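Let's take a look at how two protein chains sit against each other. Have the picture open while you read.

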Amino acid sequence: MKKYIIQSIRLTVALTLLLCVVYPLLVAFIGKLSTGKGNGETISVNGKIVGYAALGQKFDQPKYFWGRPSAVDYNAAGSAGSNKGPTNPDYLKQVSDRVDTLLKYHPYLKKTDIPADMVTASGSGLDPDISAAAAAIQVRRIAQNRGLSVEQVTKLVEEHTEKPLAGMFGPGKVNVLKLNVALDALKK
Amino acid sequence: MNSEFLGIVASFLITLLIAIPLGRYLAKMFAGERVWTDFLKPLEIGIFKLAGIRPDEPMDWKQFLKAMLTINLLWLVYGFFVLIYQDKLPFNPDGNPGMTPDLAFNTIISFVVNCNLQHYSGESGLTYLTQQFIIMFLMFTSAATGIACAVALFKAFRDKTTTNLGNFWEFFVKSITRLLLPLSIVMALLLTFNGTPASYEGKGQFISLQGDTVNVSRGPAAQMIAIKHIGTNGGGWFGANSSHPLENPNYFTNMVEIISQMIIPMAMILAFGYFIRRKKLGWVIFGVMMVGMFMLMIPTISSELGGNPNIAKMGIQQASGAMEGKEVRIGPMATGYWSTLTTIVSTGSVNGMHDSTMPLTGAWQLLGMMINGFFGGCGVGILNYFIYLIIAVFISGLMVGRTPEFLGHKVEAREVKIAALITLLSPFLIMAGTALASYVFVAHGNADWAVKPSAWLNNPGYHGFSEMLYEMTSANANNGSGFEGLGDNNIFWNVSTGFLLILGRFLPIIGPVAIAGLLAKKKFIPESAGTLKTDTVTFGLMTFAVILVLNALSYFPALALGPIAEYFSMPK
């Protein structure tokens, strides 16, 4: 028994060196070569970081495309979903309120135009993307608000609609931050 | 053909393409035959020397289990204190606090037993020191513990009669150096180059387009996310686990993560067949598990794609399926696929919130964890299935009226008793645990704990019951996923699930290894016309029937009170 205890302690020390020092430092070191230098990829405007490509941020001003509802209000210091069950009456009331808000800001829409991702909270609360349909329903509002033509904004959305992986695997999507940065850069 | 469907088909095929050769490799490697990774031998010799271990020393089943339990106990004690005092230790750039004793008790057990149930959120509950030196360390060692114990089982049936189950230290260290570590390095780099953080800098900060100042949690996450999947651990760096866009930045990483958590569980089954020189037995078990997997997966995906009927009633489009708790870049189909795999192989990582999935999806997730033998966690999958095999052999033996045998060894009263006790253990722990939680919720709603019992549940009604049932099931199955709405960081859940975790881990390891050790010692009976053949499709079906009957009898009432009742309360 005593032999096993001593062996256990010594083995734990040896493996700690390998698994908690050598391995993570090796990966961190090679990771410096990646786009974000191992810190995640950032997006800058005029040399100032305005966000992370992978992280959604809060958009509620009428001049921007909006992302999905978030259970943590896009505070990237944490992350969480709503964890609301599908039959929870409070939750269903909340979804229905979100529908009403959308209809208020987009009076030209019918309920059946609204895609589910615009009224349901994401898993992480930091979802950077919306579906192409969710971007499409916001085009008229943006165009009106910015004095742009609907065609101009539609074209921008199309340019920023990402195809599935290799054109074949997984869903297509629109990165809201990248779209909004491009929108700000658009000349009238 | 839609791209979301093609995405999961591709993931599945790539999994098989990796798992099958990996199975052959593992059998050879653990048997000590020549393999291409032999260049790592000097590293292993160095480790053994530092630890004062002679890896060629034979162990019988008792010595083997003693060595295994000793080192696990050491990690429990050492980790507990480090977690409590993490605020006073270095590498805490975000200034996070130490853990309360009950949370540390739960957390350390949870990671030692490969469960990774998390009652804290990674961003604020741990420091970089504890994330790496405790959590990530245990992700490697708990997976290696499971694999080493499975190899002991293999060893018992390789030779005709033996008392030598191999050397625990040798299997354990080789699992790390020849399997877990190389795979993790490759995967961590794939993740890093797709946008997952891997550096040691503290929180980042930016000012958003709308002018809000946002702090961003990051850190050396890729290293941990790699082993969390390779080793079927599942605990996330970030609170939202693999739905977090830094843990799982795009569809490619989603495929990598879903493939990586399946390859070892699948490979271990085939390795069993190759190792004991009965390839066919490996494939029959593999087939039974595959059928079970699809029986859980197909209805799961279909119920998620159908969307939430309550939201459909409002007139909202659910073109791709139910979206609450899911990410756009992943989509409901890949989330459904993942949720089945993560519950059958006991990874417990999630790429979408299980609490928000449809009621029947919840039932299939629960059932996957209750059965806990369709591929199962690293190493322990085959150990759990072995218990079902012994019960199936016993029942078949009774049906034809002769002494049951398994691979040339008589299965007698002692072995069957152990198997029966292990079988009964899971339903007992899950039911008694859920019953106790329900009682406390109803009768002691105002108890003065960190979270009052009356405020535990994030959802009312049947779904609230499912939250408690899920937590207990996940703890017993060493899965680690959760219906995360449950307010579980308080003394009741920390202590109760802590006990479930430790019993649900070690007894189902000790049981099968003991049975294997006892059987291996017995005289070998050569196969004759009267032998019950265990490597046939018929016996595969028999085992499948045993699994279904045992689990249906044990769990149907609980499932009926939770997810099934919720399903019937939905509009059609």
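## Ground rules

This is a predicted model: local features need pLDDT of at least 70, side-chain atom pairs count only at pLDDT 80 or more, and totals for chains, interfaces and linings use all residues. Residues are numbered from 1 along each chain as its sequence is written, chains are lettered from A and ligands numbered from 1 in the order in which they are written, and side-chain values use heavy atoms, leaving out hydrogens and water.

## Where the chains meet

Chain A brings 99 residues to the contact and chain B brings 103, with contact meaning heavy atoms within 4.5 Å. About 8000 Å² gets buried between the two, and carbon and sulfur atoms give 65% of that. (Buried area is the accessible area, taken with a 1.4 Å probe, that two parts lose on being put together, summed over both.)

There are also 44 residue pairs in polar contact between chain A and chain B, both residues at pLDDT 80 or more. A polar contact is a pair of N or O atoms within 3.5 Å; within protein, one must be able to donate a hydrogen and the other to accept it, and residues adjacent in sequence count only if both atoms are side-chain atoms. On chain A's side of this meeting, helix 1 of chain A gives the most, with 24 residues. (Helices, H or I with at least four residues, and strands, E with at least two, are DSSP runs numbered from the N terminus.)

## Salt bridges

How many salt bridges cross the interface of chain A and chain B? The rule finds two, where a salt bridge is a side-chain nitrogen of Lys or Arg within 4 Å of a carboxyl oxygen of Asp or Glu. A:Lys3 pairs with B:Glu57, their closest N and O atoms 3.6 Å apart. A:Asp127 pairs with B:Arg329 at 3.9 Å, N to O.

## A helix pair in chain B

Helix 15 (residues 413–443) and helix 16 (residues 461–476) of chain B have axes that come within 9 Å and cross at roughly 145°. (Axes are lines fitted to C-alpha atoms, for helices over the stretch in contact, and angles run from 0 to 180 degrees between N-to-C directions.)
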